[in-house]
Amino acid sequence: MTDGETLSGGHYRLGASLTGDGAGRVTVRAARDEWRDRDVLAVALAPDGGDTPPSPDALSRVARDIRRAAAASHPGLAPADDVAAGADRGLWLVHDLPVGVCGLADDGPVAPAVALRRAVVLAGALGAAHAARVVHGRVGADVVLVGGDDAVWLVGAPSGVRPPDRPAAEDDDTRALAATLLDAGTDGSEPELAARLAAVLERVAHAIPEVPGALGATLRRELAELAEVAELGGTELGGTEALRSGSPR
């Protein structure tokens, strides 16, 4: 769909792409809520795993996941306000987020302390989604958005994906998040902290847990331990002030 096209009978008007289109990409677009005069984000969904119009069952699954994700309530999990349909019957998940956000891939490398803080928030957000029995299924740089003050959000979580093996699918989400954060890299400062963070992400990105579904807890624990070590280590590990400031809002 092109800029200016509308969803749900003119309720929303699509704007510029925030993450880029193409095969294997999740389409995230700026949009305008014409009825309520506000800026929103629209995330294209493919709950049936393809490009065909969604089935009635898929619509029910998306609605169910929105209710579940809304109850999860995490600062790094962007709540979905609505599901909109395009002229091609494609589904779009509508998020209410601040103006000026961009995709993780467009943000550029950041200091290791900032990357660690973002990782802590995103791992917690994914854990909150999983606790609400919502599997993302498409975790990647396209659905990680960043804003001012190093705020970070995971979008597109109420995807309507119904995995045959939920614990394994949750582990897939976690590995995908670790790989995404690893690929984002850091800016070359604080080399010891950068190396330790990369080691955690590399390990989780390729891990097969003994207990299926446990990988998310492992990632959250290791990131929390690293954040604690970094703060206690002072300038030796760097990033102390950034870590003290807490999670992005």
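**Close-up 1. Alanine 169 sits in helix H4.** This is a predicted model, and here we zoom in on one residue of it. With a relative accessible area of 13%, alanine 169 counts as buried, because the cut-off for that label is under 20%. Leaving aside residues up to four places away in sequence, alanine 169 touches Val135 and Pro163. Histidine 130 is 39 residues away along the chain, yet its C-alpha atom and that of alanine 169 are separated by 9.8 Å.

**Close-up 2. Helix H4 (residues 166-184) meets helix H3.** The two axes come within 11 Å and cross at roughly 165°. An angle over 145 degrees counts as roughly antiparallel, so that is the label for H3 and H4. The crossing, as H3 passes H4, is right-handed. On the H3 side, look for Ala119, Leu122, Ala123, Leu126 and His130; H4 brings Glu170, Asp173, Thr174, Leu177 and Leu181. Sorted by class, this contact has 6 nonpolar, 2 polar and 2 charged residues.

**Close-up 3. Helix H3 (residues 112-131) also packs against helix H5 (residues 191-205).** Here the axes are 9 Å apart, at an angle of about 30°. Angles under 35 degrees count as roughly parallel, so H3 and H5 get that description. H3 passes H5 in a left-handed crossing. Pro112, Ala113, Ala115 and Leu116 make the contact from H3, and Leu193, Ala194 and Leu197 make it from H5. What classes of residue does H3 use with H5 in this contact? It's 7 nonpolar residues, with no polar and no charged ones.

**Close-up 4. Three strands line up as an open sheet, in the order S7-S8-S9.** The pairing is antiparallel. S7 (102-103) and S9 (152-154) are the edge strands: each has a single partner, so one side of each is left without a neighbour in the sheet.

**Close-up 5. Strand S8 (residues 144-146) pairs with S9.** The two run in the antiparallel sense and share 3 bridges.

**Close-up 6. Helix H3 lies across strands S8 and S9.** How is H3 angled to S9? H3 runs at about 25° to that strand. Keep in mind that S9 is one of the edge strands of the sheet, and that H3 is also the helix that packs with H5 and meets H4.

Notes:
Residues numbered from 1 in each chain as written. Predicted model: local features only at pLDDT ≥ 70, side-chain atom pairs only at ≥ 80, totals over all residues. Heavy atoms only, no water. Axes fitted to C-alpha atoms, helices over the stretch in contact; angles between N-to-C directions. Helix = DSSP H or I, 4+ residues; strand = E, 2+ residues; numbered from the N terminus. Parallel < 35°, antiparallel > 145°, perpendicular 65-115°, else oblique. Left-handed = near helix turned anticlockwise from the far one by under 90°. Contact = heavy atoms within 4.5 Å. Nonpolar A, V, L, I, M, F, W, Y, C, P; charged D, E, K, R; others polar. Pairing = 2+ DSSP bridges. Buried < 20%, exposed > 50% of the residue type's maximum accessible area, 1.4 Å probe, protein only.
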